[in-house]
Amino acid sequence: CAFFHGFPYTDIPDVRVGIITMTNDNAELAEPAGQAIAQKIWDMRERFNANYPSPAEGIKQALAEPGAPIVMNETSDNPGIGAPGDGTYLLRALLAADLDVPACFASLADPDSVAKAKRAGVGSTVHLNLGGKTDRHHGSTIAVEAYVKAITDGRSVLSSPMGKGRLRDLGVSVRVQVGNLDIIISSLKGQMLDEQFFLLHGIDVRTYKIVALKSSQHFRAGFEPLAAKIISVDSPGIATMDLTSFSYHRLERPVHPLDNVDYPAS
């Protein structure tokens, strides 16, 4: 029996969970075995719901934790699922928190801000309009005065099991500082898979209280060995965990969790 978890981030007629059962030409065995697995998954359905805190709530939780680093991943703007990577909900919450502990964030895909910071040069203070340039689904632009700490070529070699040894190129990138928050801005979008991109910009994540990044799952292989705790946060965006926020047009209804559904379906 193979369990296919489905993909609710597409608006096609059927994005449901599926079970495929294979036997040696024995339909009488395949049918009840598949139904038994399907029933088991249906009975567990509420465990698949991800109720993540908002960015502001997640920051409060992170600050209350005794250890470090606390890794916060923003799911709604995960570039790995096709999100723009310039969403600002978590970044805005970090800035609003006026943190008195070291925190870092990577990366914000914003080539315009990279170019402006690069022109200003390391050691300069520059006015930047961060993120929110692709659409308004992932948050609006944030105006900041930032200190330019480092400029790099954005090239690092992955150390995570997710692509270990592979060259990662996010284009020319800059590290800027706003208060106690280090922000890495890249020319290209990409989810954070390990600490190497931070190290490229002079940031050792182990010395930071909060390490914020954009990813849903793939970051875990690289960051779980480093993190005292991982706190996933959710906000509006095309990769949000709140499936009820999407306007489906082609999806066959009813379907769980958008509708009240009995199993087996009538």
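Colleague: Is V17 buried, partly exposed or exposed, and why?

Modeller: V17 counts as partly exposed, because its relative accessibility is 44%; buried means under 20% relative accessible area, exposed over 50%, and partly exposed in between (1.4 Å probe, protein chains only). Keep in mind that this is a predicted model: local features need pLDDT of at least 70, side-chain atom pairs count only at pLDDT 80 or more, and totals for chains, interfaces and linings use all residues. Residues are numbered from 1 along each chain as its sequence is written, and side-chain values use heavy atoms, with hydrogens and water left out.

Colleague: Where is V17 found?

Modeller: In the loop between β1 (2-4) and β2 (18-20). Strands here are DSSP runs of E, at least two residues, and helices are runs of H or I, at least four, numbered from the N terminus.

Colleague: OK, new topic. What order do the strands of the open sheet come in?

Modeller: The eight strands go β5-β6-β9-β10-β4-β11-β3-β12, with mixed pairing. Two strands pair if DSSP finds at least two bridges between them. At the edges sit β5 (125-130) and β12 (229-233), each pairing on one side only.

Colleague: And how many bridges join β4 to β10?

Modeller: Five, between residues 103-109 and residues 181-186, and the two strands run parallel. A103 is opposite L181 in β10.

Colleague: How many helices and strands does the chain have?

Modeller: Six helices and twelve strands. Of its 266 residues, 43% count as buried.

Colleague: What box do the C-alpha atoms fill?

Modeller: Roughly 75 × 35 × 35 Å, taken along the principal axes.
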